[in-house]
Structures are given as structure tokens and as C-alpha cells.
Amino acid sequence: MTSPPLPEAWQRAEVPPLPAIGPEVVDEFARTIYGRTPEGGRLTELVLRSRENGVLDGAADRLRHHAVIACPLGDLELDTVTHLPAGASAEHPVPVVVALNFKSDEVPSAKVMKAGYAVLAVDYQQIEPDDPAPPAPGVRALFPTQTTESTETTETSDTTEPWGAVAAWAWGLSRLLDIADGIEGVDPAEPVVLGHSRLGKAALWAGAQDERFAVTVANGSGCCGASLFRHPGGEDIAAITTKFPHWFVPSFSTYAGNESSLPVDQHQLLASIASRRVYVASAEDDAWADPVGEYLAVVAARPAFGPNGIGYHVRPGTHDLLEEDWLHALAFAKR
Ligand code: GCU
């Protein structure tokens with residue numbers, strides 16, 4: 001599948017240099033932006049609640065599972081939906097895409113299912129409510145207050161900031177992968193993690209931290225996703241931390257209006273995922289997500305990857321995760 005051509009002006013834009021990437025880069029992202037996703041959370045129960053065969057015009061079977069994940073201070077319960085492509089079985093397992101949904105009833109299209117991946121998803125707010133003052137707490141209340149770890153080379157090593165909701169959703173994506181391991185017909189090797197918009201930010205943070213993910217797909221992920229802070233345009237730190245303070249560590253807002261003092265930029269997050277693979281997708285009219293900033297981050301990160309290690313497309317249209325975005329991303333993943 002060929003991607004749409006890139007606007008010519010983009011190809012002349014300035015690409016930032018890529019500093020050396022080591023594990024301390026991921027620590028810097030944890031310290032300054034997302035907070036550290038804690039280790040832990042063990043899948044203790046996975047029950048198949050229902051199975052509908054031949055949904056999506058016969059392209060898939062739909063399985064609903066109830067999962068219990070034991071966390072240090074209590075259990076988190078999740079109701080997941082898995083679409084298995086027709087013909088997938090214990091004898092012929094298929095690779096999996098784990099994804100977070102904005103709503104429980106989102107389903108992949110028949111054409112997406114024909115790409116041959118199982119799609120395992122959960123409504124993201126089952127993991128952590130998307131609310132600065134949630135009426136009921138999510139998984140972050142099931143872990144003791146943590147210290148954001150830093151490497152010895154980092155000067156400010158003693159922060160005690162809570163992890164943000166994006167990091168909580170990233171934790172949830174890793175748990176979906178644990179669940180995938182227990183589903184007949186799914187081959188948990190070479191998994192893909194995919195998300196759109198705020199959930200694209202979470203997919204990137206999951207991909208950076210959980211090395212089991214072979215391919216990370218960030219669609220329309222914008223500010224604090226794939227787009228560069230230092231590229232002007234679209235949402236900035238002031239806007240995102242005013243409207244969504246709960247997504248990040250509280251001190252992230254101190255960089256509002258002062259993007260250039262942030263010790264990292266998002267091409268380094270993409271590069272930190274190498275040698276595993278990354279795919280970024282933009283939409284031309286998605287100005288809020290700054291598609292040019294997303295594209296430049298990909299170009300800047302490219303030296304960290306091998307051939308076919310990082311892919312990108314921009315399509316006409318607005319902020320959305322469309323069938324064509326799925327198909328481009330899965331064609332890349334299969335390569
Ligand atoms: C808002 C927010 C973005 C986010 C988007 C979404 O527009 O400012 O950062 O990506 O919501 O998740 O749809």
C-alpha cells in the first residue's frame with residue numbers, strides 16, 4: 001500500500017539534530033512529562049464471557065473477556081473486546097494489535113480484520129478516568145505513591161511526582177498484552193500497540209517502556225505524542241497542561257511558554273523505541289496535532305532506526321483514526 005505524497009514545503013523544513021539515545025532518555029521523559037509507569041500488576045483471572053462468530057460480515061469473531069489484574073493496593077477489573085480474524089485458531093494463531101478505545105463499542109472494520117491481526121481493546125477509562133478530579137479513582141490509586149526514578153546522571157533525582165493518566169493508560173496497554181497471551185487464536189509474539197490522539201500519546205509511552213511491543217503506532221498523537229515541542233504550530237504545553245493537567249506529572253506545566261528549556265523533544269521518544277519499530281500517522285487538516293511537527297520528528301528520529309524501522313503517512317482530512325490509517329499502519333507492521 002503506498003502512502004499519499006508529502007506536501008513539498010514539509011520536505012524543506014528544518015530537522016532538529018538527534019542527540020545520543022540511551023536508557024536515561026526514557027527516564028527524562030518519565031521525570032519531566034509522563035511520570036514513571038510502575039512495574040507490577042499481575043493478571044490473575046481471565047474469563048471468556050461471550051463469543052459471537054462471523055461478525056463484521058463474517059470477517060471476524062468477537063470475544064468478550066473479563067480480566068482481573070492484581071495491583072499492590074487492590075484489583076483492577078477490565079472488560080475487553082477482541083476481534084479475531086476469521087480462520088484464526090489455536091493451530092493458526094495470528095499476531096495482535098492492542099489498543100485503547102474511546103468508547104466500548106468501537107469496532108475495527110472488516111477490511112482491517114482482513115489484514116490478519118487480532119485486535120484486542122478496552123475502553124481506556126476502565127484503566128484510568130479521563131478527569132482531573134475523577135469521581136472514582138482508577139489504577140493510579142492501586143499503586144503506592146511512587147518516586148519518579150532517575151539515573152545518577154540526572155541532577156534532580158529526588159522528585160516524588162505521581163504518574164500521569166497517559167502513563168496509566170500506557171500501563172493498561174501492557175496489561176492488554178498480558179491478556180492477549182491468554183486468548184486462544186492469538187499469537188502474542190511481535191505485537192503491535194496502537195492509539196489515536198491522547199491514546200496515541202499513551203501508545204508511544206507504552207512502546208518506549210515495554211520492550212515486548214514490536215511495533216508502536218501513534219495516529220494523530222500531536223502534542224506530547226509524536227509532534228515536536230520546538231516546532232511552532234498546534235497545541236503547546238500551556239494549552240495541554242491547562243486543559244488536561246491530570247495527563248502528566250504536575251511539574252510539566254512549568255515548561256509552559258518555555259518549550260526550549262524542556263530537556264527532551266519528541267523525536268528522542270520515537271528514537272528511544274529503536275531498534276523496535278515505530279509508525280506515525282498524521283492528517284493534513286489536523287492543525288491542532290501539528291502534522292508538520294509529527295513529520296519532522298519522524299525524519300529527525302530516522303537515524304536511530306534500521307531500514308523499515310520507522311514509517312509515516314499523512315492523509316487528507318481531519319483528526320481521526322480511519323480505516324485507511326489502520327491499513328497503512330498494519331501494512332507497515334507486516335513488512
Ligand atoms: C484534545 C487535546 C489533544 C488530544 C485530543 C484527543 O484536542 O488537546 O492533545 O490529542 O484532545 O485525544 O482527541
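Student: How many aromatic pairs does the structure hold?

Tutor: This predicted model holds 15 aromatic pairs. One of them joins Tyr34 and Phe248, with 6.5 Å centre to centre and 50° between the planes.

Student: Why is the pair of Tyr34 and Phe248 called tilted?

Tutor: Rings pair if their centres lie within 6.5 Å, and planes count as stacked under 30 degrees and as edge-to-face over 60. The angle between the planes of Tyr34 and Phe248 is 50°, and the pair is therefore tilted.

Student: What makes this pair a tie between parts of the chain?

Tutor: Tyr34 belongs to helix α2 (residues 23–34), while Phe248 sits in the loop between α7 (237–243) and α8 (266–273); the pair therefore ties together parts that are 214 residues apart in sequence.

Student: Are Tyr34 and Phe248 buried or exposed?

Tutor: Both Tyr34 and Phe248 are buried.

Student: How do you know that the rings of Tyr295 and Tyr312 form a tilted pair?

Tutor: Their centres are 5.5 Å apart, and the limit for a pair is 6.5 Å. Their planes stand at 55°, so the pair is tilted.

Student: Which elements does the pair of Tyr295 and Tyr312 tie together?

Tutor: Tyr295 is in helix α9 (residues 291–301) and Tyr312 is in strand β9 (residues 310–315), so parts that are 17 residues apart in sequence are tied together.

Student: Why do Tyr295 and Tyr312 count as buried?

Tutor: Buried means under 20% relative accessible area. Tyr295 has 9% relative accessibility and therefore counts as buried; Tyr312, at 12%, therefore counts as buried too.

Student: Which residues form one aromatic cluster?

Tutor: Phe29, Tyr34, Phe102, Tyr124, Trp169, Trp205, Phe229, Phe244, Trp247, Phe248 and Phe252 form it.

Student: What makes Arg277 a charge over the ring of Phe332?

Tutor: The distance must be within 6 Å of the ring centre, and the direction within 35 degrees of the ring normal. Arg277 lies over the face of Phe332, at 4.2 Å from the ring centre.

Student: How many disulfides does the structure hold?

Tutor: The structure holds zero disulfides.

Student: Why do Cys223 and Cys224 count as buried?

Tutor: The cut-off is again under 20%. Cys223 is buried because its relative accessibility is 3%, and Cys224 because its value is 0%.

Notes:
Residues are numbered from 1 along each chain as its sequence is written. This is a predicted model: local features need pLDDT of at least 70, side-chain atom pairs count only at pLDDT 80 or more; totals for chains, interfaces and linings use all residues. Side-chain values use heavy atoms; hydrogens and water are left out. A disulfide is a pair of cysteine sulfur atoms within 2.5 Å. Buried means under 20% relative accessible area, exposed over 50%, partly exposed in between (1.4 Å probe, protein chains only). Rings of Phe, Tyr and Trp (its six-membered ring) pair if their centres lie within 6.5 Å; planes under 30 degrees apart count as stacked, over 60 as edge-to-face and the rest as tilted. Helices (H or I, at least four residues) and strands (E, at least two) are DSSP runs, numbered from the N terminus.
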